Amino acid sequence: MKQVCLEQLEEKRFELLDDVKTVNIGNEIPITLSLGLGVGGNTYAQNYEYARNAIDLALGRGGDQAIVKRKDKIVYYGGKAKQVEKNTRVKARVKAQALRELIETRDKVIVMGHQMGDVDSFGAAIGIYRAAKTMNKPCFVVINEITTSVRKLIDGFLDNPDYEEDMFLNGTQAKEIINPNTLLVVVDVNRPSFTDCPEILRMTKNVVVIDHHRQGSENISKAVLSYVEPYASSACEMVAEILQYIREGMKVKNVEADCMYAGIMVDTDNFLTKSGVRTFEAAAFLRRCGADVTRVRKIFRTELDDYKAKSEVVRNAEIYKGFAFAICNGDGVESPTILGAQAANELLNIFGVRASIVFTQYKGQTYVSARAIDEVNVQLIMEKIGGGGHANVAGAQLHCTPQEARDMLRHTIDGMIEEGELT
């Protein structure tokens, strides 16, 4: 197309994405459009490559969006439609068989989640550990920082005769044992810089990615197997499906099933958010494997000081154009970022709050936790400041104070309202 036409489309923010949704010829599922455009390359071939990368990214992020890729910049438009859960499990079965072949042909398996691992990344890692051990392969889980949410789960594996003493490694220990024939499985993250030990990614070519977050411009390239499904509620849900197909009669131990069930509960906020048919099917599989709801509930109990700190965050929240803003200082709290995320969930229970955004200062950075129910797509807001996530659950990391981050978000929201990106 002509450059002037692209400029007109960008000026109207690709309003044809919304026009397409009005097509009604008796279809139950609304029609959506995905576009990938390549601009500014030195040749037509390079522009085509940009466009191909853009459409792959648009589809990987769930569709219903236009992505314009230039040489040094990627711009996203749309992506507001509610993602439709896929009912077919064919893809899960194919990915499970491919993963099985990769595990069987490698010396050992290393599983890694994201920095400051949460219950979902830990549970997914435990699921992959069980798959590897079923095939009699040595498997190790990389975890550098044990947060409060994960500590109670890890205690079930420490001093347990069923598990090796070196089951959990830090990044330095993992770098010492990795070799060219090691399989690295990355769970619950697809950005290299957000992984628990980015250096490990460069030490092996055998990388598998299993994640449920929408892809951004930064992603793990050259993975031998990539299973990124934004419709899934959690990485634990995806791994639970894989386990059902990776080998006939797969046995998952009680403590492992607890971890994965807990991961689904956390990422769905007790099955209130992003819970589809397959979410409950995965939970049913884990219950059959021995996951105990009572044990999991006890794992989620918090310390009194943490509960008081969370209540203080909610008490000091302020409402700005339907957005609840709150600052979590985290003094005296072991894992402030988790506390901030919990407070963001809590703020959604307040009548009139369209979305909640909590700012937590931790180790010289401000961690932003954004939550919504259905009125606002918080992922679009977080992408404006360099973050990402889902329509209902998103976040970012900023190199500034919480107060500066709050002011930045106010300006960002004002700008998005003016441009029609937020209503």
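Predicted model: local features only at pLDDT ≥ 70, side-chain atom pairs only at ≥ 80, totals over all residues.
**Entry 1: the six-stranded sheet**

I started with the sheet and wrote down its strand order. It is an open sheet of six strands, running β10-β11-β12-β13-β15-β14, and its pairing is mixed. I then asked which strands stand at the edges. They are β10 (318-320) and β14 (388-389); each has a single partner strand, so one side of each is left without a neighbour in the sheet. As a reminder to myself, strands of a sheet pair through backbone hydrogen bonds, either parallel or antiparallel.

Strand β11 (residues 323-328) runs parallel to strand β12 (residues 355-362), and six bridges join them. Opposite A324 I found S356 of β12. Next I checked what packs on the sheet. Helix α16 (residues 402-418) does, and it touches β10, β11, β12, β13 (365-372) and β15 (393-398). The direction of α16 makes about 165° with that of β11.

**Entry 2: S369**

Is S369 buried or exposed? Its relative accessibility is 11%, and the cut-off for buried is under 20%, so S369 counts as buried. Leaving out residues up to four places away in sequence, I listed its contacts: T337, G340, A341, A344, S356, I357, V358 and A394. S356 had already come up as the residue opposite A324.

**Entry 3: β1, α3 and β2**

I moved to another strand pair. Strand β1 (residues 34-38) and strand β2 (residues 65-69) are parallel, with five bridges between them. For G38, the bridge partner in β2 is K69. I followed the chain from β1 through helix α3 (residues 44-60) to β2 and noted that this β-α-β crossover is left-handed.

How far apart should the ends of α3 be? At 1.5 Å a residue, its 17 residues should span 24 Å, and the end C-alpha atoms are 24 Å apart, so the two values agree. The buried residues of α3 are N47, Y50, A51, A54, L57, A58 and G60. Among the elements covering them I found β1, β2 and β3 (74-78). Just after α3, G62 has a positive phi of about 110°.

**Entry 4: helix α11**

I repeated the length check on helix α11 (residues 277-288). It has twelve residues and reaches 17 Å from its first C-alpha to its last, close to the 16 Å expected. I listed its buried residues as R278, T279, A282, A283, F285 and L286. Where do they lie around the axis? They cover an arc of only 155°, which puts them on the same side of α11. In general, an α-helix has 3.6 residues a turn, so residues three or four places apart point the same way. The cover over the buried residues of α11 includes α4 (90-104), β9 (225-228), α9 (235-246) and α10 (254-267). Just after α11, G290 takes a positive phi of about 115°.

I also looked at R288, which is in α11. Its relative accessibility is 62%, so R288 counts as exposed.

**Entry 5: D305**

Last, I looked up D305 in helix α13 (residues 304-315). At 55% relative accessibility, D305 counts as exposed. Its C-alpha atom is separated by 36 Å from that of V185, which is 120 residues apart from D305 along the chain.

How values were computed:
Residues numbered from 1 in each chain as written. Heavy atoms only, no water. Pairing = 2+ DSSP bridges. Helix = DSSP H or I, 4+ residues; strand = E, 2+ residues; numbered from the N terminus. Contact = heavy atoms within 4.5 Å. Axes fitted to C-alpha atoms, helices over the stretch in contact; angles between N-to-C directions. Right-handed = clockwise from strand over helix to strand, strands pointing away. Expected span 1.5 Å × (residues − 1). Buried < 20%, exposed > 50% of the residue type's maximum accessible area, 1.4 Å probe, protein only. Arc of directions from axis to C-beta.
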